[in-house]
Amino acid sequence: MGRVEKVEIIIRNIISSLQMAKLYSSAHPIFKNSLTKAYESLRSILEDMTELIIGIIGNELAFEKEIFFELSRMAEPMIAYLKERGIERIVFHSGLQEQELEKFIAFLSEYPQDTGKDPQEILTSLGIRNISAGKIKVGSSKAEAEALRGTAQIINYLDLYNNYQGNVSQSIENVLDNETVDYLALRLGVTSIMENLILRHQELLKLATIKRYDLNTFVHIVNVSILAMYFSSKLGFSRDNVLTIGIAGLFHDIGKLYISRKIIGKQDKLTGEEFEKIKNHALLGAEILLKYVNAMGILPAVVAFEHHLKYDLSGYPRLAFAQKPHIASLIISICDVYDALSQRRSYKSEYPPNRIYDFMIKEKGRYFDPVLLERFFKITGVWPIGTIVLLSDSRVAVVRQENEEEIFCPKVEVIHPADRQELIDLRQQKESLKIERALNPFTEAKPYLALI
Ligand SMILES: [Fe+2]
Ligand SMILES: [Fe+2]
């Protein structure tokens, strides 16, 4: 085998180890195996060369004069990670230890904390001596580089949301057609959303708020999954559990999609039996998902079955015996109702966020688990992040951050009029300033949409 082929194998091994690091904990045997494989391949080449230099050229990985175009798609995430950290060149030195490679992979797979810091310094501070990484030089000034990075990030979140929607709709279509689901791809998509939610939740929650006005079928599903992951991560669930809840959220209404697809194709009026069927979507969804237990585990089926059961079991399907719903079902039913009511707002403008709050709080202890519901509104606030609101002094602002202690008084940023823009913590001005009402971003608040 020639050197170029060997290097190609090394790159493949590093990429797959990076993927495994995203999916499993560092102690997991699947990750350990992939790490050892990557390390062994590196060590064998470093026996006859003192260093191996891999570079990024455009959007491709390169070694000596060889550009690995065939690896393009596979290497895409890795190249994105490297670029985010300002790395255009990695050098592996011959004394490389497996532990150093493990730390390097962890560094690449974690969310970049110190953007703008020299990657070489970070590697040194992590105790990685036998891997060096060079910084990319963007534009001429540092300010320019920062600006470029900022723009790239904004585009990324919308892309991230849209890609997620695409990825998810594909998996759902497959289930509806009784085909196999590419579970690894799905899990990877959910993971990237989860990580961004944990570290930069504002951007994604803002998109969820805005996207509710888009009546695409998958918006509700994607939003429920995003909300449920954010909520459960704030409740302190482990990464693995958050991920599993996110996947369950995606499939909670699969039964409804199945039925509506059949009924939509029908010309005549719906029969009573068909209405009854829609109500049965919970049971049907569970039946469909039971076929995917091997790929996705049991939780999606459990949640599909229980998400309309209600906390006091007064919902459906009727149970022959009393059994408390799974906590994932209780979490998802809160997110489900919350998003469905918010989506309703898009065509019934008389359904503002504070009314949704009142409605849901009335159901505390009946539809919803009381403790979870209180926590939910502490975390998401009454006025969700990204909502465009009218303040009592008739300025227009956008909600930026929730105050857990004062759920009616978030931090807002005034966006209109232009000469009175500022950031305000409404908790500190409770007596003089409050939120009057929410504005529909596609009608009355349309002129301000670009400003949020
Ligand atoms: Fe449902
Ligand atoms: Fe739903």
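Biologist: Which residues of helix H12 are buried, and what makes them line one face of the helix?

Modeller: In this predicted model, helix H12 covers residues 281-290, and its buried residues are His281, Ala282, Gly285, Ala286, Ile288 and Leu289. Seen down the axis of H12, these buried residues fall within an arc of 160°, so they line one face of the helix.

Biologist: Why is Pro384 called buried?

Modeller: A residue counts as buried if 20 or more other C-beta atoms lie within 10 Å of its own. Pro384 has 21 other C-beta atoms within 10 Å, and therefore Pro384 is buried.

Biologist: Where is Pro384 found, and which residues does Pro384 touch?

Modeller: Pro384 is found in the loop between helix H17 (370-380) and strand S6 (388-391). Leaving aside residues up to four places away in sequence, Pro384 touches Leu205, Thr209, Pro353 and Val399. One of these, Thr209, is 175 residues apart from Pro384 along the chain, yet their C-alpha atoms are separated by 7.1 Å.

Biologist: What makes helix H7 oblique to helix H8?

Modeller: The axes of H7 (residues 183-211) and H8 (residues 217-235) come within 10 Å and cross at roughly 140°. Angles over 145 degrees count as roughly antiparallel and 65 to 115 as roughly perpendicular, and the crossing at roughly 140° makes H7 oblique to H8. H7 passes H8 in a left-handed crossing.

Biologist: Which residues of H7 and H8 meet, and how many of the residues in the contact are nonpolar?

Modeller: On the H7 side, the residues that meet H8 include Ile193, Leu197, His201 and Lys211, while those on the H8 side include Val219, Asn223, Leu227 and Tyr230. By class, the contact of H7 with H8 has twelve nonpolar, three polar and one charged residues.

Biologist: Why are H7 and helix H9 called roughly perpendicular to each other?

Modeller: The axes of H7 and H9 (residues 239-251) come within 10 Å and cross at roughly 115°. Angles of 65 to 115 degrees count as roughly perpendicular, and H7 and H9 are therefore roughly perpendicular to each other. H7 passes H9 in a right-handed crossing. The contact is made by Leu186, Arg187, Val190, Thr191 and Met194 of H7, together with Val242, Leu243, Gly246 and Ile247 of H9. By class, this contact of H7 with H9 has six nonpolar, two polar and one charged residues.

Biologist: How many helices and strands does the protein chain have, and what percentage of its residues is buried?

Modeller: The protein chain has 17 helices and ten strands, and buried residues make up 35% of its 452 residues.

Note on methods:
Residues are numbered from 1 along each chain as its sequence is written. Chains are lettered from A and ligands numbered from 1 in the order in which they are written. This is a predicted model: local features need pLDDT of at least 70, side-chain atom pairs count only at pLDDT 80 or more; totals for chains, interfaces and linings use all residues. A residue is buried if 20 or more other C-beta atoms lie within 10 Å of its own, exposed if 12 or fewer, and partly exposed in between; C-beta atoms are placed from the backbone. Helices (H or I, at least four residues) and strands (E, at least two) are DSSP runs, numbered from the N terminus. The arc is that of the directions from the helix axis to the C-beta atoms. Axes are lines fitted to C-alpha atoms, for helices over the stretch in contact, and angles run from 0 to 180 degrees between N-to-C directions. Angles under 35 degrees count as roughly parallel, over 145 as roughly antiparallel, 65 to 115 as roughly perpendicular and the rest as oblique. A crossing is left-handed if the near helix is turned anticlockwise from the far one by less than a right angle, and right-handed if clockwise. Two residues are in contact if their C-beta atoms, placed from the backbone, lie within 7 Å. Ala, Val, Leu, Ile, Met, Phe, Trp, Tyr, Cys and Pro count as nonpolar, Asp, Glu, Lys and Arg as charged, and the others, Gly among them, as polar.
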